[in-house]
Amino acid sequence: MNEISFDIFTQIREFEWEISPDFRSDMQVPVRVFASKSLLQDSLRDRSILQAINVTTLPGLVGAVMVMPDMHQGYGFPIGGVAATDIETGVISPGGIGYDINCGVRLLSSQMSFEEIKDLLSILATTINQYCPSGVGVNSDLSLSKNELADACVKGAKWAKVAGYASQEDVHHTEANGCLEGADPSKVSERALSRGRTQLGTLGGGNHFIEVDIVAQVFDEKAANAMGLHKGMIAAQIHTGSRGFGHQICTDYVRQLQSAVRKYGINLPDKQLVCAPIQCPEGQDYLGAMRCGANYAFLNRQLLANRLREAFEKVLAGKVDNWHLKQVYDIAHNIGKFERHTIDGEEKMVCIHRKGATRAFGPGSEGLPDDFAEIGQPVLVPGSMGTASWVLAGTQLSMERSFGSSCHGAGRVMSRSQAKREVWGEDLLKKLEKEGIEIRAGSMAGLAEEAPQAYKDVDRVVESVVGAGIAKKVAVLHPLIVIKG
Amino acid sequence: MILSGYEEVEHTADIALRVWGEDFFTLLRQSAKGMYELMGILENPGQPMKVIFTIDHGSAEMQLVDFLNEVLYIVENQAGYYDNFTFINTRDGIDVHASGYKIISYQRNIKAVTFHDLEVIETKTRFETTITFDV
C-alpha cells in the first residue's frame, strides 16, 4: 500500500498542492489541495487525503479532484471535496453529495445596529428558539399532503413564494434561484416523502444552527455594500439541509446503486463511493430524486428564514425603526449540479459534486443576480460555535482553478467523542455567555461536540482560500445569539 | 474473551462503532444496541411494542446496513426501541421479529448508516465489523 505523507505532494503555487495520478495505479486524475503548508500537514492526521485519492478512481472524471483547506475525513468522499465528471461519459455518486443533500447556509442582513438591540438579545434568542423548530426528533408545525410535498420539492423556493413564505428577492438571492430543474418526485420513495412531510421547516440537530451576528469588520466596501453588510450592523445565518427527506433519498440510492456498480463493471476502493453513469437509467433516477432533496432544502431554509423574520418582528417591532431581514444569499455546500466550466481550454458541461464545499462563482458568471454580477457570488463560511464567520466572494481564479468552488466552514479536527471527553457542555455554555453570546441549545452533550476547539481555526482556512485566489474577503461576522438543536 | 459487544471508535466528523458477535445475528443485535447507545435513547418500559420486518437477501454488509437503517427509521417514525430481536432465515431473506418499548426521547440524530469501508469479517470464533454513521 502506498503510504500517504507530505512527500507525495508537489507544490504548484503557494497555497496549491498536487498528488500525481502516478501515485496509485487506479487514479484517473490528480488530487489538487488548496491549503497552507501547515493545514495540509494537519490534514494528514486523518484519512481525508486517502479518501480524495479514492475519489480519483471514479469513471469519467475531468480536471482534478479538488480538496479545500477545511477538509476532514468523511465517508467515501472527504468533506471539502469537489469532483467534476463528464456528463456524457462520467458518473454521479450519491456519496459525493452526501446524506444531507443541499445542506447549506443562508445569510440575511439588516439595517439594525448592535446598539439598537443589545438589551433585547436575550428575549430575541428565546423567541427565535420558540419560533424556529429545532432539535432531535422535533417535527414541523407545517402539514403538507404527499402531493403538496411532491409539488414543493419540484419547485423549491419558488413554491415558498407562491405560498407566501418568500419574496421574489429571496428567490432571486438563492443559488439556482432556489430550484434545480429536473426534480422528479416519482423517483423519491414513499418513506422519504413520509419523513419529509413532518420535517419541512425544521432546523434539526448536530452542527446545524441559527445565528444572529454583528458585522465586525468589512474588508471590501464595494462588495459589502452590494450585499447590504455594514460594520456594526446585525446579520443572521441559517445552517441546515434537507433533513430526513434528503437522508432517506441518499440511503435509498446508495443501496440501489450497489448493484448498478456491478452492472456497469465499475471497480471502487470503497463501497460508499457507489455511483452510476449519468446517462443510464439508474443515474437519471438518482438525479431526479437528488434534485427533489436539493429543492426541499432550499425550501426548508426559506421557511426557517420566514419564522426568523417573524421572531424579529415579534421582539423588535415598535422598538427599532427597521427590524426587517433582507436576504443576502443562500448557498449549498452538499450538492451535485450540471455546470459549464473550461477544462484544458475547452468549455464543457460537467456534473460538479460538492461535498462540504461551496460554489464560488466569480464576477460575470452565469446565474448570479445583477447586484452580484460585478463583485462575484457571496461565499458563506461559518466558523465554529462562538467564533467568527466569514463572508467571501467568488473570483475569476476560482472559475479557472477550482470549478468555481471554495471552502464551506472551519472543518473538524477532533472527533465528537474526544470533544465530549475534553469539554463539559455546561462549562462551555457559561464561557460563551460570559463572552456575551446568548446560547439556546437542546442538549449539553451536543453543545460539547460542537465546541470551538473541535474545529480548525476558520481564519486559517480563509487565509488559504484567499491566498490561493479562489475567494476574496468581504466581511467578518461575530456571533451574538446561537440557536442549536 | 467477551464474545459479543461494541465500542465507539474515533472518527473526525461522524461516528464509528466497532461491533463483534459469535454469529451474524448476534452481530446485528449488538449493532442495534450500539446504535441506540450512540443516539442516547431514553425508553419508557411501560409501553411494550412489537414489530416484524424483512431484510432482503444480499451480502452481509448490505443486510447489516438494511437492518440498521430499518431500526433507525423505526426510532424516528414510530418512536420504537427494540432490545429483543429474533431472526429467522427465510426464502425471501431474514425475518426480524422485535419487541421493545416506546421512546421518550433521544439525544442524537443519526442521518444514516454508511457503507464506508464496511466489511463484515468472519473469523474462527466470531463476526466483526466497523460501521460508520453519518451524524
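In this predicted model, helix α5 of chain A, residues 146–155, packs against helix α11(A) at an angle of about 90°, and the two axes are 7 Å apart. That angle makes α5(A) roughly perpendicular to α11(A), because values from 65 to 115 degrees fall in that class. On the α5(A) side the contact is made by A:L149, A:A152, A:C153 and A:V154, and on the α11(A) side by A:R291, A:C292, A:N295, A:Y296 and A:L299. By residue class, the contact of α5(A) with α11(A) divides into seven nonpolar, one polar and one charged.

Helix α11(A), which spans residues 281–316, also packs with helix α4(A), residues 121–131. Here the angle is about 140° and the axes lie 9 Å apart. That makes α4(A) oblique to α11(A), since a roughly antiparallel arrangement would require an angle over 145 degrees. The crossing in which α4(A) passes α11(A) is right-handed. From α4(A), the residues A:I123, A:L124, A:T127, A:I128 and A:Y131 take part; they meet A:R307, A:L308, A:E310, A:A311, A:F312, A:K314 and A:V315 of α11(A). The residues of this contact of α4(A) with α11(A) comprise eight nonpolar, one polar and three charged.

Attention now turns to individual residues of chain A. A:L61 belongs to strand β4(A), which covers residues 61–75. Is A:L61 buried or exposed? Its relative accessibility is 13%, so A:L61 counts as buried, the limit for that class being under 20%. Not counting residues up to four places away in sequence, A:L61 touches A:V29, A:V55, A:T56, A:A83, A:A84 and A:T85.

A:R24 is placed in a loop of chain A, between strands β2 (16–19) and β3 (31–34). With a relative accessibility of 15%, A:R24 counts as buried. Which residues does A:R24 touch, not counting those up to four places away in sequence? They are A:N2, A:L50, A:I53, A:N54, A:T57 and A:P269. With A:N54 there is also a polar contact of 2.8 Å, which joins the side chains of A:R24 and A:N54.

Another loop of chain A, between helices α7 (168–172) and α8 (190–199), contains A:A176. The phi angle of A:A176 is near 60°, a positive value in a residue other than glycine. A:N177 is placed in the loop between α7 and α8 of chain A as well. A:N177 has a positive phi of about 55°, although A:N177 is not a glycine. As to accessibility, A:A176 counts as partly exposed at 26%, and A:N177 is partly exposed with a relative accessible area of 30%.

In chain B, B:T26 lies in helix α1, residues 24–39. B:T26 has a relative accessibility of 10% and therefore counts as buried. Leaving aside neighbours within four places in sequence, B:T26 is in contact with B:S4 and B:G21.

Methods. Residues numbered from 1 in each chain as written. Chains lettered and ligands numbered in written order. Predicted model: local features only at pLDDT ≥ 70, side-chain atom pairs only at ≥ 80, totals over all residues. Heavy atoms only, no water. Axes fitted to C-alpha atoms, helices over the stretch in contact; angles between N-to-C directions. Helix = DSSP H or I, 4+ residues; strand = E, 2+ residues; numbered from the N terminus. Parallel < 35°, antiparallel > 145°, perpendicular 65-115°, else oblique. Left-handed = near helix turned anticlockwise from the far one by under 90°. Contact = heavy atoms within 4.5 Å. Nonpolar A, V, L, I, M, F, W, Y, C, P; charged D, E, K, R; others polar. Buried < 20%, exposed > 50% of the residue type's maximum accessible area, 1.4 Å probe, protein only. Polar contact = N/O pair within 3.5 Å; in protein donor to acceptor, adjacent residues only side chain to side chain.
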